[in-house]
Amino acid sequence: MTIDEQAIGDELGDEQVTHADDETLLGRVDVDDLEAILAITNTDPDEVEHAVKDNADAIFTWDYSMQRPHLRKLYEKAKVGQWNATTDLDWSADVDIEKVVSGDQVAIAAGIDPGLYDDTVIGHWGDKEWLDYGIQNRKWTLSQFLHGEQGALLCTAKITETVPWYDAKLYASTQVVDEARHVEVFGRYLDEKMGGGYQVNAHLRMLLDDIINDSRWDMTYLGMQVMVEGLALAAFGFMHQMTEEPLLKKLLRYVMADEARHVAFGVLSLKEVYEGKTDAEMRDRQEFAFEAAVRMRDRFLSQEVWERMGVAPRDVLPIVLKDPTRDLFQQMLFSKIVPNCKKLGLLDRNDKWLRHRFEEMGVIQFEDWEDTSEEFLKFEIGADAPTPVAGH
Ligand SMILES: [Fe+2]
Ligand SMILES: [Fe+2]
């Protein structure tokens, strides 16, 4: 949503539920229009700096009393859950990328079964090309994790400023340090072990821009803590489960312990806020959640990997979208987001608007999986973390 649309929405008042169509929300009439999705690309691959207006007031509070013990509990957990990326991980180990990527079956983990592409434009690919695809895919995926982590770093710095609650400011400040550590580990792993990575995917950048751009403090939480981090927690868990590379596995496990707290912070905070929202206000949040879900789904088409492999994405993606392996992948992505949206009351308000959209996206089946408001305890270092697909 642009700032102008937001201002118009605000002027309409609380009681009028406005309906944005998909063209307004997504910039295309058909959600699944592949040509329109692929038309969104990174136009400046050499960009090193990207400025976004954050449109928000920094809020002081003079009420230092403990109003929200559940957030203070998270804050206490965060203080003792800190780890040091420099000393807690063994960076001296060599990583043999080819061995790791073939051992981890990276193509399959990315929702692609190489055996199904014999009659396609990549039918001539042999082991060498599939291995190269796997390496590029691993680099691309870790790069998008890295850029998303920087988005989280900026978002939680913003939340520290904009949230009016003292307990939440304290907690958010610990998350800023967590996210710095996450940027540090993914950046270092890509640089030292993978030989460099990819620029930010344009769909991910649009989403991060929209989240930062929105003036309403709860939208930062919804976009980042619930949607982006909900997906990240699941995606990290999936890679953690699939990889046998010890450094990456341990790194992901440490990051997941933090991310589970972050998603809990979002869910616990927004639960309180959304209970008091009008239908019109909730519709805005539902639309924002839907837009975020579509942007994340679009980014996972990983169009830049196909381009790097010399294949036009439009020639292969229609087949990828029908690959049954992709179902498992899609399940993994939305397994945290959907139950958390349900917990927040986002699925069923306004005639079940978001429920219907998640039905169309084929992800509603996760609505009764465990939400993440308490799950962070299971993710603490030393605990046996739940697996993303089988462990609900
Ligand atoms: Fe993070
Ligand atoms: Fe996070």
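## Model and confidence

The structure is a predicted model, in which local features need pLDDT of at least 70 and side-chain atom pairs count only at pLDDT 80 or more, while totals for chains, interfaces and linings use all residues. Residues are numbered from 1 along each chain as its sequence is written, and chains are lettered from A and ligands numbered from 1 in the order in which they are written.

The mean pLDDT of the protein (the predictor's confidence in each residue, from 0 to 100) is 90, and 94% of the residues score at least 70. Confidence is highest in helix H8 (residues 166-193), at a mean of 98, and lowest in helix H1 (residues 3-11), at 47. Helices here are DSSP runs of H or I with at least four residues, numbered from the N terminus. Over residues 1-14 pLDDT stays under 50, and the model has nine contacts beyond four places in sequence for them; a contact requires C-beta atoms, placed from the backbone, within 7 Å. Where pLDDT is low, the predicted coordinates should not be read in detail.

## Helix H9

The buried residues of H9 are His203, Leu204, Arg205, Leu207, Leu208, Ile211 and Ile212. A residue is buried if 20 or more other C-beta atoms lie within 10 Å of its own, exposed if 12 or fewer, and partly exposed in between, with C-beta atoms placed from the backbone. These buried residues pack against helix H7 (127-162), helix H10 (217-242) and helix H12 (279-299).

## Contact of H7 with H9

The axes of H7 and H9 come within 10 Å and cross at roughly 5°. Axes are lines fitted to C-alpha atoms, for helices over the stretch in contact, and angles run from 0 to 180 degrees between N-to-C directions. The two helices, H7 and H9, are therefore roughly parallel (angles under 35 degrees).

From H7, Gln144, His147, Gly148, Gly151, Leu154, Cys155 and Lys158 meet Leu204, Leu208, Ile211 and Ile212 of H9. The residues of this contact comprise six nonpolar, four polar and one charged. Ala, Val, Leu, Ile, Met, Phe, Trp, Tyr, Cys and Pro count as nonpolar, Asp, Glu, Lys and Arg as charged, and the others, Gly among them, as polar.

## Positive phi

Ser302 is not a glycine, yet has a positive phi of about 40°. Ser302 lies in the loop between H12 and helix H13 (303-308) and counts as buried, because 22 C-beta neighbours are inside 10 Å.

Asp351, also not a glycine, has a positive phi of about 55°. Asp351 belongs to helix H17 (residues 349-360) and is exposed, with 10 other C-beta atoms within 10 Å.

How values were computed: Contact = placed C-beta atoms within 7 Å. Parallel < 35°, antiparallel > 145°, perpendicular 65-115°, else oblique.
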